[in-house]
Amino acid sequence: MNISLLRTQSDLPDFRKLIRELDQELDDRYGVTNRLEYGPYNQVDHIQTVVVAYQDNRAVGCGCFRPYDKKTIEIKRFYLHPSQRGSGIAGLIIRKLEQWGRENGYERAILETGIKQPDSIRFYTKNGYTTIPNYGQYEGKRGSVCMEKYLLSI
């Protein structure tokens, strides 16, 4: 298996294609009304910190981050094509994002996932993330699960 990771920006067509796949999967799990509610929180236009994973030159996964505050990044739009789940590629993507965050002086990563995504919660837990109270725009949203990881400890 030939895997490569590309640091790029959010205007990359492969990233946009993967995001459409992610949105379809979330619509299937939660319904379209969920995207209308959470869509404003998931805007990734003009993001300069995107990672796209390629297997044999085919885009199979992605993730990005944006600054949340001076010491914290927020992981967004993390996705791996279902055919690649369990392959280890998602771990490569999350570690590349965390490394990039550390290189830019960030000390902590936070993220939001959903209660109907137990696979995501297990993945993040396996990769050192712990559940925290819902932050910011996710406060009071019962369908959200927020997590964090301190990057300096890796």
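Tyr 106 has a relative accessibility of 14% and therefore counts as buried, a label that means under 20% relative accessible area, with exposed meaning over 50% and partly exposed lying in between (1.4 Å probe, protein chains only). This is a predicted model, in which local features need pLDDT of at least 70 and side-chain atom pairs count only at pLDDT 80 or more, whereas totals for chains, interfaces and linings use all residues. Residues are numbered from 1 along each chain as its sequence is written, and side-chain values use heavy atoms, with hydrogens and water left out.

The ring of Tyr 106 belongs to one of the 8 aromatic pairs in the structure. Rings of Phe, Tyr and Trp (its six-membered ring) are paired if their centres lie within 6.5 Å; planes under 30 degrees apart count as stacked, those over 60 as edge-to-face, and the rest as tilted. The partner of Tyr 106 is Phe 65, and the pair is edge-to-face, with 6.5 Å centre to centre and 70° between the planes. This pair links distant parts of the chain, since Phe 65 lies in strand β3 and Tyr 106 in the loop between α3 and β5, 41 residues apart. Here helices (H or I, at least four residues) and strands (E, at least two) are DSSP runs, numbered from the N terminus. Phe 65 is also buried, at a relative accessible area of 3%.

A further edge-to-face pair joins Tyr 124 and Tyr 129, because their ring centres are 5.6 Å apart and their planes stand at 70°. Tyr 124 is buried with a relative accessible area of 7%, and Tyr 129 counts as buried at 2% relative accessibility. Together with Phe 78 and Phe 123, these two tyrosines form one aromatic cluster.

Which residues does Phe 78 touch, apart from those up to four places away in sequence? With contact taken as heavy atoms within 4.5 Å, they are Leu 22, Cys 62, Gly 63, Ala 90, Ile 93, Ile 94, Leu 97, Phe 123 and Tyr 124. Phe 78 is found in strand β4 and counts as buried at 16% relative accessibility.

A nonpolar core is a set of buried Ala, Val, Leu, Ile, Met, Phe, Trp, Tyr and Cys residues joined through side-chain atoms within 4.5 Å. The largest such core has 23 residues, and those with the most contacts inside it are Ile 75, Phe 78, Ile 93, Tyr 124 and Tyr 129. The elements that contribute two or more residues to this core are β2, β3, β4, α3, β5, α4 (118–126) and β7. Helix α3 gives the most, with 6 residues. A second, separate core of 16 residues includes Leu 12, Leu 22, Val 52 and Cys 62. In soluble globular proteins, nonpolar side chains tend to be buried together.

The strands are arranged in an open sheet of 7 strands with mixed pairing, in the order β1-β2-β3-β4-β5-β7-β6; two strands pair if DSSP finds at least two bridges between them. The edge strands, each pairing on one side only, are β1 (3–8) and β6. Neighbouring strands of this sheet are turned by 30° against each other on average, direction ignored. Axes are lines fitted to C-alpha atoms, for helices over the stretch in contact, and angles run from 0 to 180 degrees between N-to-C directions.

Strand β3 (residues 58–69) pairs with strand β4 (residues 72–80) in the antiparallel sense over 7 bridges, and Arg 66 stands opposite Glu 74 in β4. Strand β5 (residues 108–114) is antiparallel to β7 over 7 bridges, with Thr 113 bridged to Val 145 in β7. Strand β6 (residues 130–132) pairs with β7 in the antiparallel sense over 3 bridges; there, Thr 131 has Met 147 as its bridge partner. Strand β7 (residues 144–150) is mostly covered, with 6 of its 7 residues buried.

Helix α1 (residues 13–30) lies across β2 (50–55), β3, β4 and β5, running at about 80° to β4. Helix α3 (residues 89–103) lies across β1, β2, β3, β4 and β7, at about 160° to β4.

Finally, the structure holds 0 disulfides, a disulfide being a pair of cysteine sulfur atoms within 2.5 Å. The sulfur of Cys 64 is 7.4 Å from the closest cysteine sulfur, in Cys 62, and is therefore too far for a bond. For Cys 146, the closest cysteine sulfur is in Cys 64 at 16 Å, also too far for a bond. Cys 64 counts as buried at 1% relative accessibility, and Cys 146 counts as buried at 0%.
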